[in-house]
Amino acid sequence: MRNSLLLGTLSLVAASAVGGQIDAETTEARTPWTSLAANDAAEDFHFVIVSDRTGGERPGVFESALPKANLLEPAFVVSVGDLIEGYTEDQAQIDAEWVEFEGFVDQLTVPFFYVAGNHDMDNAVMAEAWRERFGPSYYHFVYKDVLFLVLNSELFGMVSKPDTPVPGPWTQAEQLAFVERTLERYPDPRWTIVLVHQPLWDYASGPRGDWPEVERMLGSRDYTVFAGHFHRYVRLVRNDRRYITLATTGGGSSLRGTPYGEFDHVAWVTMTASGPRIANLLLDGIHGEDVVTRSRRDAIRTLSGAVRSLPVTGDGDIFEAGTVAFEIVNRGPMDLQASYAIAPGPDLVYQGRPRLMTVAPGARERIELRVATDAPVAYTAIAPGRVIWSLSTGEDPVAIKTVTGLLPVGTPEIPRTVAPTLDGLLDDWDELPFRADAQGDVASPATAATDVSFAFALREADGDLYLAASVVDDSVVASGTLGPRVQDALVVNVDSRPEPQRSANVPLYPATRDGHVARMARAHLTVVEARPEPPDDYLRQSQADVRWRTRRTERGYSVEARIPGSFLDAEANGRWDVLRIAVTAVDWDEGEITNQIPWDARGSSGVALHWQPDRFGEAPVAGSGTFLRQAEP
């Protein structure tokens, strides 16, 4: 059923408030029931909200949620956007993704209402495709005297360009005029439900775009706002009204559970005479709308960001004994309790004693751990251990466990040599000393021994950085028709910025969301070798003018790449002398490709093998992968 056919049906008003009477009899003076007045007022109804499906889709989750929605027998289902992966101007791809999604929606036995998210509408081509397929990108409907106001958040400002509305058939001025007309037309509904993709009120820099103007127009009426986009649930209160950002219905998520607001769910909303009542239906149970409140979110944020790895760098290539350091920072208003346990891994030895500590509000606590090895080992070959932290805070204590990597950091040199020929052949490289045979990131799933492994080497020539790598892969997936993030690739990040930025660990996705992206040479070195130059889609993966060649080999593929010294010098604010390098192999197997983007190369069919702890992951080690430029002779 298409939504355009349902608007007339749903523009109904029912005002009866008479509850049904249960017919029951007993001859006893006492009764085994509390009342016979059923809770079925005529104006009550139920609807379901589904949240983000994409931005790192985990296949099968969203489509499995719709039959469950049918079991609930709602009046209808609404969304909060990010329904397809999008981010393309390829009309055939856009059409294919919408056809797939409409196939999912066809499972519903009730009406479905579309809301545009950034993945659904990132450019003029996608906006026009929406108009051709669904008509308006902002609209309203009314059911039982409840006004539903559906807005296009990308007209307030695109996620990729917050100050620019998405180009296409509509303007933000037209949308605001529509909001004003609609609210004037329905000045006193019993409730107003606003559906919008981006939580425009909940950015760190403050409300975005014209959102305050929408709040001004909503005025003193009773309303509730629902959004998605951040992939984490939270209920806020603004203007004495509830603003609810939903988690995911299959979109990218670490799924750390309800304390983090990270779970797959649908929201089950019951409209009553006193407003909506919200239950979050999860696979593991039912939670009320206060599953995460502002106070609990603040406590989780305090705990989640409390422990960080500190840069402590040893000298040379070989490690025998040394120190790793961490800092606990309490940014909350109450004492923070912390303890830790050590799992040193196969290479390190730790003989210290666990500690239990209390960190006062605003205070910092430095923890230094002395580790050693039974025999000398190269810094770059040490398998990282883990530190498991137990943290709690609050009057109604919120407690979490978090893991950090345990890894001494050295400063091996990058040898100087003549520039190798950039042809994907490795016959002009003596050896590849840095190996990843097992998962180097303690927070990422282990990869199967037969899936993927790699070795690489580094050189410097005339100020440029060269990388060679040999990847062993049992099933190479590579095609010029696939996007760079949905096929096998070697992902390389090179950071030449001065301290403290270089050694710091800033999560990549939140940094991107708030517009504070660290400039690095960042590239997916994909296995497309049939063209003399990689296509533009591949070059856009890097901020530097990275050049590379790949070759199929009997056991997988090889890579050679050049990162220009001019870029590295510019980011170093002078001649670069120190680099931080992260290398990851992303492995897809035949039959797993779904034309969806992996969530930071995790949480999808593709797997990621990290050489060292992922600096953008959940357990980074400050300064890991640091190399020195060889001194002039």
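Visitor: Which residues have the most contacts inside the largest nonpolar core?

Guide: They are F47, F101, L151, W211 and F226, in a core of 87 residues. Please note that this is a predicted model.

Visitor: What is F101 in contact with, leaving aside its neighbours within four places in sequence?

Guide: F101 is in contact with R53, F62, L83, I84, F112 and Y114.

Visitor: What share of the contacts join residues at least 24 apart?

Guide: Among contacts between residues at least 6 apart in sequence, the share is 72%.

Visitor: Let us turn to the sheets. What is the strand order in the open sheet of six strands?

Guide: The order is β4-β5-β6-β7-β9-β8, and the pairing is mixed. The edges are taken by β4 and β8 (234-238), each of which has a single partner strand, so one side of each has no neighbour in the sheet. On average, neighbouring strands of this sheet are turned by 20 degrees against each other, direction ignored.

Visitor: How many bridges join β4 to β5?

Guide: Five bridges join β4 to strand β5 (residues 146-150), and the two strands run antiparallel. Within this pairing, F141 has F148 in β5 as its bridge partner, and Y143 stands opposite V146.

Visitor: What lies between the two strands of that hairpin?

Guide: There are two residues between the strands of the hairpin, in which K144 takes a positive phi near 50 degrees.

Visitor: Which way do the residues of β5 point?

Guide: V146, F148 and V150 point one way from β5, and L147 and L149 point the other way. Five of the five residues of β5 are buried, which leaves the strand mostly covered.

Visitor: Is the pairing of β5 with β6 parallel or antiparallel?

Guide: Strands β5 and β6 run parallel and are joined by five bridges. The bridge partner of V146 in β6 is W191.

Visitor: And how many bridges join β6 to β7?

Guide: Four bridges join β6 (residues 191-195) to β7 (residues 223-227), and these strands run parallel. In this pair, I193 stands opposite T224 in β7.

Visitor: Now for the open sheet of four strands: what is its order?

Guide: The order is β17-β15-β19-β20, with antiparallel pairing. Strands β17 (356-359) and β20 (398-406) stand at the edges with a single partner strand each, so one side of each is left without a neighbour in the sheet. Direction ignored, neighbouring strands here are turned by 25 degrees against each other on average.

Visitor: Which residue in β17 is the bridge partner of L336?

Guide: The partner of L336 is V359. Strand β15 (residues 336-343) pairs with β17 in the antiparallel sense over four bridges.

Visitor: Which strands does helix α8 lie across?

Guide: Helix α8 (residues 294-304) lies across β15, β19 (385-393) and β20, and it runs at about 25 degrees to β20.

Visitor: One more helix, then. Which residues of α11 are buried?

Guide: In helix α11 (residues 565-572), the buried residues are G565, F567, L568, E571 and A572. They are on the same side of α11, because they cover an arc of only 160 degrees around the axis.

Terms used. Residues are numbered from 1 along each chain as its sequence is written. This is a predicted model: local features need pLDDT of at least 70, side-chain atom pairs count only at pLDDT 80 or more; totals for chains, interfaces and linings use all residues. Side-chain values use heavy atoms; hydrogens and water are left out. A nonpolar core is a set of buried Ala, Val, Leu, Ile, Met, Phe, Trp, Tyr and Cys residues joined through side-chain atoms within 4.5 Å. Buried means under 20% relative accessible area, exposed over 50%, partly exposed in between (1.4 Å probe, protein chains only). Contact means heavy atoms within 4.5 Å. The arc is that of the directions from the helix axis to the C-beta atoms. Two strands pair if DSSP finds at least two bridges between them. Axes are lines fitted to C-alpha atoms, for helices over the stretch in contact, and angles run from 0 to 180 degrees between N-to-C directions.
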